[in-house]
Amino acid sequence: MKSGKIDLLASDQDVSIRKDTVETGGSFGIASLMAMQPQMITAIATEDSEVMVLSRQALLGLRHEDIELFALLMMNVAREIARRLKSADDMLLQCVREHKNE
């Protein structure tokens, strides 16, 4: 993201939670690049924002143009997905703790 601030929301019909806030230098939508499926997150700009888009086609093109850069990018994407998975686990554990104390 080049500038601004975007909230990432996970929601279904009656529940919505803010999973993360992305600011300048951050990224979102990377899991959909890896999983080859639509993202299940809603991104809402909370202030004027400018984003850069990397299409799946451009990503796959990079694989053919510069395999080392592609590998480095994929390693960083995997790290970010792992960080977000831990964050989701922490949220789940917090919800279980709160429910247990009711």
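Figure 1. V53 counts as exposed because its relative accessibility is 75%; buried means under 20% relative accessible area, exposed over 50%, and partly exposed in between (1.4 Å probe, protein chains only). Together with F28 and V51, V53 forms a nonpolar patch on the surface with about 270 Å² of accessible area. Such patches are made of residues with over 30% relative accessible area and no salt bridge, with like charges joined within 9 Å and nonpolar side chains (Val, Leu, Ile, Met, Phe, Trp, Tyr) within 5 Å, and the areas come from the Shrake-Rupley method with a 1.4 Å probe, only the protein chains shown counting as cover for residues.

Residues are numbered from 1 along each chain as its sequence is written. Because the model is predicted, local features need pLDDT of at least 70 and side-chain atom pairs count only at pLDDT 80 or more, while totals for chains, interfaces and linings use all residues, and side-chain values use heavy atoms, with hydrogens and water left out.

**Figure 2. A salt bridge between E50 and K2.** The closest N and O atoms of E50 and K2 are 3.6 Å apart in this salt bridge, a term for a side-chain nitrogen of Lys or Arg within 4 Å of a carboxyl oxygen of Asp or Glu. Since E50 lies in the loop between β3 and α2 and K2 in the segment before β1, the pair ties together parts that are 48 residues apart in sequence.

Figure 3. E80 counts as buried, at 19% relative accessibility. Salt bridges that share partners join E80 and R84 with D20 and R83 into one network.

**Figure 4. The largest nonpolar core.** Seven residues, I30, L33, L59, L62, F70, M74 and V77, make up this core, defined as a set of buried Ala, Val, Leu, Ile, Met, Phe, Trp, Tyr and Cys residues joined through side-chain atoms within 4.5 Å. At least two residues come from each of α1 (30-35), α2 (56-65) and α3 (67-100), and α3 gives the most, with three.

Note on methods
Helices (H or I, at least four residues) and strands (E, at least two) are DSSP runs, numbered from the N terminus.
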